[in-house]
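Subject: Structure handover

Hello,

I am passing on the structure we talked about. The sequence and coordinates come first, and my notes on what was found follow.

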Amino acid sequence: MKRPGSRKAAKTQRNRKGRRGDGETGRQGEEEKGSKVFTCSFLYLCTGYYRYEEGYTPEWPGFGEYKGTLVHPQKWPEDLDYEGKRILVIGSGATAVTLVPAMAETAGHVTMLQRSPTYVITMPSQDRIANALRKILPDKAAYTLSRWKNILRQGFFYTLSRRRPSLMKRLIAKGIRAELGEEHLPDFTPRYDPWDQRLCIVPDSDMFHAIKSGKASIVTGEIDSFTETGVRLTNGDVIDADIIVTATGLILRLMDGLELIVDGKPVIHREKVAYKGMMYNDVPNVAQAFGYTNASWTLKCDLTSEYVCRLINHMDEHGYSYCVPRLKDPTVAREPALDFNSGYVLRALDEIPSQGSKHPWRLHQNYFKDLRMLRYGRLEDDTMEFH
Ligand SMILES: Cc1cc2nc3c(=O)[nH]c(=O)nc-3n(C[C@H](O)[C@H](O)[C@H](O)COP(=O)(O)OP(=O)(O)OC[C@H]3O[C@@H](n4cnc5c(N)ncnc54)[C@H](O)[C@@H]3O)c2cc1C
């Protein structure tokens, strides 16, 4: 792949200042007194999708009364000593199921408190097929085959979940019964269907081992209030803990607060529609890496990065200084960008750009469709203007 020739790479610094874009030239720069100014011809934002400075913490009654140590995973103290301590982890998402077995190794006991269950499945941390392929094939061939195997397997289980949710629920329940027995099933049986929210994977059954050994346990219940020593649940139960970890999620935020300004006007994210899942209507020379919610996140980021390189090379070859997608088709309806019902998605849907009902504004969440559109698809279409 060619690199972006003479164009200066876009550099960013960690601040909240505006990025100024010129709608006529597409040139991006930064203007703010007292800060360093970087200019670039094309801005590629690899800024993730959430607020990095702090995570989401609900406001519980009595929160301030707790006298023990409170930790949010996004602000993990380097010197947190939890050996032999009673830990309460609030939440049951990817962060909680990662933390619980890791902390259970040395903690006195870890309780995972969940308001509602999450689907959890186990997978080996070592890919045996990939390891076997590496022994008999050159590295690159083994890597390509393993990667495709994983893409196809993930696509198969996602499609099965959407088309036959009851079958998928039975398969997941079978796994829980085999790991922990029937009595634990209610703690792993959500009200929603598989892939309405992301599934959690525990490597080598580590969390199940921690529960079986008695080092960890799960409580499903709603917090009524915090006390000086722990939390009280709405059913009257009390859980005391030396350390409470609020694994309650992240605050979804595009560009982490960075403000885009085009022709002197700030770009309002919620008014925008994403073009091919990476650029925004009427915003020139800005693209953003965004991943899949139903597969490996970076699978889509890879395709987006390839496309951005193709786009920049194309502009260099033709002497274009800027490109901008224009939403001219009145039959394109605006739709929510994500069809997930996770708390962190629902909290942010009103703030993020939409997707459109038709190509090239429709988000696929499908690697094969994106492969065709982003790796092999035309760069010049009726929507993108080049100047
Ligand atoms: C708990 C958890 C578990 C996950 N598990 C998986 C998983 O199993 N598989 C998977 O594929 N994905 C998973 N993900 C998604 C994961 O975030 C992505 O796979 C990957 O980290 C995204 O890479 P990225 O480079 O796009 O963003 P990040 O790795 O999030 O990097 C973005 C960077 O941009 C910086 N930045 C943001 N805004 C600004 C700004 N305004 N100025 C300057 N710098 C800025 C940030 O500080 C950060 O360094 C998980 C995410 C979380 C939170």
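This is a predicted model: local features need pLDDT of at least 70, side-chain atom pairs count only at pLDDT 80 or more; totals for chains, interfaces and linings use all residues.

In it, Lys75 sits in the loop that links β4 (69-71) to β5 (86-90). Is Lys75 buried or exposed? Lys75 has 11 other C-beta atoms within 10 Å, and it is therefore exposed, since the cut-off for that class is 12 or fewer. Lys75 and Glu53 are 22 residues apart along the chain, and their C-alpha atoms are separated by 8.2 Å.

**The five-stranded sheet**

β4 and β5 both belong to an open sheet of five strands, in the order β4-β13-β5-β6-β9, with parallel pairing. At its edges are β4 and β9 (216-220), each of which pairs on one side only. From one strand to the next, the twist averages 20 degrees.

Strand β6 (residues 109-114) runs parallel to β9 and is joined to it by five bridges. Met112 stands opposite Ile218 of β9. Helix α1 (residues 94-104) packs on this sheet and touches β5, β6, β9 and β13 (243-246). The direction of α1 makes about 165 degrees with that of β6.

**The protein overall**

There are eight helices and 22 strands in the protein. Its C-alpha trace spans about 65 × 55 × 40 Å along the principal axes. The protein has 387 residues, of which 29% count as buried. Among contacts with a separation of 6 or more, 68% are between residues 24 or more positions apart.

Regards

Terms used. Residues are numbered from 1 along each chain as its sequence is written. Helices (H or I, at least four residues) and strands (E, at least two) are DSSP runs, numbered from the N terminus. A residue is buried if 20 or more other C-beta atoms lie within 10 Å of its own, exposed if 12 or fewer, and partly exposed in between; C-beta atoms are placed from the backbone. Two strands pair if DSSP finds at least two bridges between them. Axes are lines fitted to C-alpha atoms, for helices over the stretch in contact, and angles run from 0 to 180 degrees between N-to-C directions. Two residues are in contact if their C-beta atoms, placed from the backbone, lie within 7 Å.
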